[in-house]
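Q: I have the model open next to the sequence. Can we go through some of the side chains and strands?
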Amino acid sequence: MEISLCVKLFLIFTCRILICRALEVSTPCGKIIGFDTLRTRNGRVIHSFTSIPFAKPPVGPLRFKEPQPLDPWTEPLDATKNASFCPQIDLFNRLKMKGPSQVRGQEDCLVLNVYSPNVNKAAKLPVMVWIHGGGYQRGSSVFYGPELLLDKDIVLVTVNYRLGVLGFLSTGDNVIPANNGLKDQALAIKWVHDNIESFGGNPGLVTVFGQSSGGSSVHLNLLSPLNKGLIHRGIAMSGTGHCPWAIISPQLAKDRTKALAVLCGCPSEPSDELLKCMQEVHLALLLEMSKRFHDWILSPAVVFGPTIESEVNGAFLPKELDYLKSEIPLMTGVTTGEGGYLASIISRGGSQYENELKDIPQYVLPKALILKSGFPSDKLSSVARQIQEFYFGDRPIDMNASMEYIINMFTDGWFLHGTVETAKKHHGDTYLYLYDYQHAVSFNDVLSGGKVKGVSHSDDLLDLFPLTLRFPQRTWTEADVEVSKKTIDIVTDFAENGRLTFLDSKLEPVRKTAKTHQYLHIIARGPLIKENLYPKRLSFWQSLLDSQSEETELLRQTSR
């Protein structure tokens, strides 16, 4: 007997509902319906719950305000939709520097995704909360699927948070509080603590991990008083709060807020009038005017980002980082060719930027290396000359002839010295790693078309996530698979134990190897335990910073 199309559709719909009902979980927030169509690399069933809201939509009167906890719901929540993007301008569009930009995403975006191999409350699995990178300006939880990590007995949570102007605009007072994007992350972590048991997770064993600005976010979340007792491990990949781009000064944050208000046709003061007007500005105009602050292709690295707040209730960063302490175990590290990502951006930008880097390095290097974050304006040219001499000698900074040294310069200036500084200053046990495996694909390929080689910034993500939205035609070599599994062993072992237990040789925390800086070298035939990570390059940057610190202290004493 022939079945009509309407009956077929009804049966399909009914079956899907029944499948979803089988994945219904009850949480303190209400019932949530998920799906089980995803499979891991090894064929394991993944229980997925996507686009779960953890805060009230930050729209209308809540735009530019601290995130507000969501009220419980009465009807089952459909958690089978893809997560949205928080509003942003795509990186490739941003690199054009000119012309109108295509806005991606929506303001009602504060959602998270939960992936679990076992939703039994008794499972008590380690929980890993992923914070995506993107310079605090771009990215989404939607890029980071569970298919690789969920072969391990963990619960994975991926989080959206407000980006750019919407997440980090600040008037420097309580009218537009600072760090709302970070407070979104903190509220998501609180949601995980309160609800994750319903998904088979252990709220007493939560690891926050992230990469790039997601890595610096991890470090800042460990330090923040808002997360006290909620985080038990941290993994900061290719970014910490001590990297020069990670934090901007409170005054600069306030000045940029006022300048953006004027660009959008709003008053720059008083704060309440500025807020009232900016809450009415069209989203596309907000993001378009934010582009006006860029004065070179890599500068500023972050327009609106984290800053230090005053010591008031609800502050995420109430003090400078060195005055905030955490004893939570931390793993942090870099890839060997982090700077390739930045070299690729310059290459993609065109010959204008390559020529400026070569012909006027004293003008470009202070911008490209974010030197203003660590040195006074009258010293920038001198510091730039020292940097050029250290990496290039008397040779020009040529993208064709000196690519290896350009990559090293950006690796060290943007990532390496800040990461090691965090490893030395963190009060908990800190483990250092160097990622050194070249996959069959690379983020350098996406950005430079293959012109730039090496293990780029973000290439270590290829071990942890499929990244099919970035690499739709991705293929895996046998070595790719083996290294991926080793890296997943490392991060999940650390998440469960707060140290690495699977290695034959014990990796010691940095504080116990202060003179040699023992680190884990992640390579195809490894991982291996080594010592003395890039000693000459780290000593050079430390000498620059020490010299400035000594001069600052001398000036302070003579001014008494």
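Q: Which ring does arginine 41 lie over?
A: Arginine 41 lies over the face of tryptophan 476, at 5.2 Å from the ring centre. A charge counts as over a ring if NZ of Lys or CZ of Arg is within 6 Å of the ring centre and within 35 degrees of the ring normal. Arginine 537 lies over the face of tyrosine 534, at 4.0 Å from the ring centre.

Q: What am I looking at, and how are residues numbered?
A: This is a predicted model, where local features need pLDDT of at least 70, side-chain atom pairs count only at pLDDT 80 or more, and totals for chains, interfaces and linings use all residues. Residues are numbered from 1 along each chain as its sequence is written, and side-chain values use heavy atoms, with hydrogens and water left out.

Q: How many aromatic pairs are there in the whole structure?
A: A search finds 21. Rings of Phe, Tyr and Trp (its six-membered ring) pair if their centres lie within 6.5 Å; planes under 30 degrees apart are stacked, over 60 edge-to-face, and the rest tilted. Tyrosine 431 and phenylalanine 494 have ring centres 6.0 Å apart and planes at 75°, so this pair is edge-to-face.

Q: Why does that pair tie together parts 63 residues apart in sequence?
A: Because tyrosine 431 is in strand E13 (residues 430–435) and phenylalanine 494 is in helix H16. Helices (H or I, at least four residues) and strands (E, at least two) are DSSP runs, numbered from the N terminus.

Q: Are those two buried or exposed?
A: Both tyrosine 431 and phenylalanine 494 are buried. Buried means under 20% relative accessible area, exposed over 50%, and partly exposed in between (1.4 Å probe, protein chains only).

Q: Which residues form an aromatic cluster?
A: Phe85, Trp130, Phe143, Tyr144, Phe209 and Phe465 form one.

Q: New topic: where is histidine 517?
A: In the loop between helix H16 (478–497) and strand E14 (519–522). Histidine 517 is buried, with a relative accessible area of 17%. Beyond its neighbours within four places in sequence, its contacts (heavy atoms within 4.5 Å) include Val420, Lys424 and Glu531.

Q: Now strand E8: which strands is E8 joined to?
A: E8 runs parallel to strand E10 (residues 201–211), with 6 bridges, and parallel to strand E9 (residues 155–159), with 5 bridges. Two strands pair if DSSP finds at least two bridges between them. Isoleucine 131 stands opposite glycine 210 in E10, and methionine 128 opposite leucine 156 in E9.

Q: How many residues of E8 are buried?
A: In strand E8 (residues 125–131), 7 of its 7 residues are buried.
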